[in-house]
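Welcome! Please take a moment with the sequence and the 3D view below, and then read on for a guided walk through the fold.

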Amino acid sequence: MNLHPDRLDAHLDKPLASIYVLHGNEPLTVSEAGDALRAAARRQGFDEREILISGQGFGWDALFEATGNLSLFGSRKLIDLRIPNGKPGKDGGDALKRLADTAEPTATDVITLISLPELDWAARKTAWFAALSQKGVAIECNAPPREQLPRWIAGRLAAQQQSAPAEALAFIADHVEGNLLAAHQEITKLALLHPPGEIGIDAVREAVLDVARYDIDTLRMAVLEGDAGRCTRLLEGLAGEGTAAPLLLWMLANEIRTLARLQAAQAEGQPLSAAFKAERVFDDRRRSALQRALQRLAPGKVRAALAHAARIDRIIKGIANGEVWDEFLLLCLRLCPAR
């Protein structure tokens, strides 16, 4: 069956199906739908999870080994199968059709979650996709049309107990130019800067345009470029101007997570150009800076930076000790080359 993303929350309150297929042109909504399905599976007792990634050298027998290999300590399992290029090949197509043919309508011991990119007309007509869609639940996660974007933004604001007038919603939509990830980031920024309730057009415009003399985005580029001296000067300026610490942490953590996802994509054998597209990184200067950062930083350093960002979050919330601006400096220097 085909399920519209808007109906996913209601669907997840019921017993889950044994197969889910996520595909579409919007990585943000594909990712969020996957997160929601994984969380629902955990709530319903599928406490084991195994990730399989189709790529060069992948053996499709692993899919059936995973579905049949249940732990003695956790008898229900989620198989998280990812096909980054959307093309399983003949062996993969046969395996997926076989999986669909033997699937039960409602999951008992195993759920298989299959994540795909946007599929072209030919892929939608394949026997394996038709079988998966018929026996499982297929969810197409596309970006809303441009004219519906203000309504989408309003829904996201409502989820964080905020609202904005139509003029403000249109302003955000015009600013992000259809980029849902950028819209999501702006909406998250508003949650960090403003309490629940209505946010006026002036407040939205100020938050979105970010007119501070020491621009947070400039600090982001300095971190990616590994310029320790510039990072130090910018942090001093941001602290002096009273920049909101949660907003700065959001920016730094978001960039570190982007680096981590790009490194994971490289480890899976994906071309960097495809990974940039999935992360919605289109600006040439930022691409170049991220490439240099990827060459400079080992995965272990990026993981350590994420853990450091989590510590800063605890300090901001008052559940850990430390001086937040000193920690910001240490975090930035961690991502710069040693002198």
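## A tour of the chain

E279 is buried, with a relative accessible area of 14% (buried means under 20% relative accessible area, exposed over 50%, and partly exposed in between, with a 1.4 Å probe and protein chains only). This is a predicted model, in which local features need pLDDT of at least 70 and side-chain atom pairs count only at pLDDT 80 or more, while totals for chains, interfaces and linings use all residues. Residues are numbered from 1 along each chain as its sequence is written, and side-chain values use heavy atoms, with hydrogens and water left out.

You can find E279 in the loop between α14 (272-278) and α15 (284-296). Helices (H or I, at least four residues) and strands (E, at least two) are DSSP runs, numbered from the N terminus. Setting aside residues up to four places away in sequence, E279 touches L181, T258, R261 and L262, where contact means heavy atoms within 4.5 Å. E279 also lies 12 Å from V30, C-alpha to C-alpha, although 249 residues separate the two in sequence.

### The whole chain

Stepping back, the chain has 17 helices and seven strands. Its radius of gyration is 22 Å, close to the 20 Å that the globule rule gives for 339 residues, so the chain is as compact as a globular protein of that length. The radius is taken over C-alpha atoms, and the globule rule is 2.2 Å times the number of residues to the power 0.38. Along the principal axes, the C-alpha atoms fill a box of roughly 65 × 50 × 40 Å. Of the 339 residues, 45% count as buried. Among contacts with a separation of 6 or more, 76% are between residues 24 or more positions apart.

### Helices side by side

The table gives their crossing angles and axis distances; axes are lines fitted to C-alpha atoms, for helices over the stretch in contact, and angles run from 0 to 180 degrees between N-to-C directions.

| Helix pair | Angle | Axis distance |
|---|---|---|
| α12 (228-240) and α17 (324-334) | roughly 155° | within 10 Å |
| α16 (299-316) and α17 | roughly 170° | within 10 Å |
| α8 and α10 | about 15° | 9 Å |

Angles under 35 degrees count as roughly parallel, over 145 as roughly antiparallel, 65 to 115 as roughly perpendicular and the rest as oblique. α12 and α17 are therefore roughly antiparallel to each other, and their crossing is right-handed. A crossing is right-handed if the near helix is turned clockwise from the far one by less than a right angle, and left-handed if anticlockwise. From α12 the contact uses A228, C231, T232, L235, L238 and A239, and from α17 it uses W325, F328, L329, C332 and L333. Sorted by class, this contact has ten nonpolar residues, one polar and no charged ones. Ala, Val, Leu, Ile, Met, Phe, Trp, Tyr, Cys and Pro count as nonpolar, Asp, Glu, Lys and Arg as charged, and the others, Gly among them, as polar.

What is the orientation of α16 relative to α17? The angle between α16 and α17 is roughly 170°, which makes α16 roughly antiparallel to α17. The contact of α16 with α17 divides into ten nonpolar, one polar and four charged residues. Among the residues of α16 that meet α17 are K301, H308 and I312, and among their counterparts in α17 are E327, F328 and R334.

α8, by contrast, is roughly parallel to α10, and the crossing of α8 and α10 is right-handed. Here E167, A168, F171, I172 and H175 of α8 meet I201, V204, R205, V208 and L209 of α10. By class, these are seven nonpolar, one polar and two charged residues. The buried residues of α8 (166-176) are A168, L169, F171, I172, A173 and V176, and they pack against α7, α9 (180-193) and α10 (201-209).

### A few single residues

L116 sits in the loop between β4 (110-115) and α5 (121-124) and is buried, at 4% relative accessibility. Beyond its neighbours within four places in sequence, L116 is in contact with V21, L22, H23, G24, I83, G86 and W128.

Q263 belongs to helix α13 (245-267) and is buried at 12% relative accessibility. Q161, however, is exposed, with a relative accessible area of 58%, in the loop between α7 (149-159) and β6 (162-163). Most residues other than glycine have a negative phi. Q161 is not a glycine, yet has a positive phi of about 60°.
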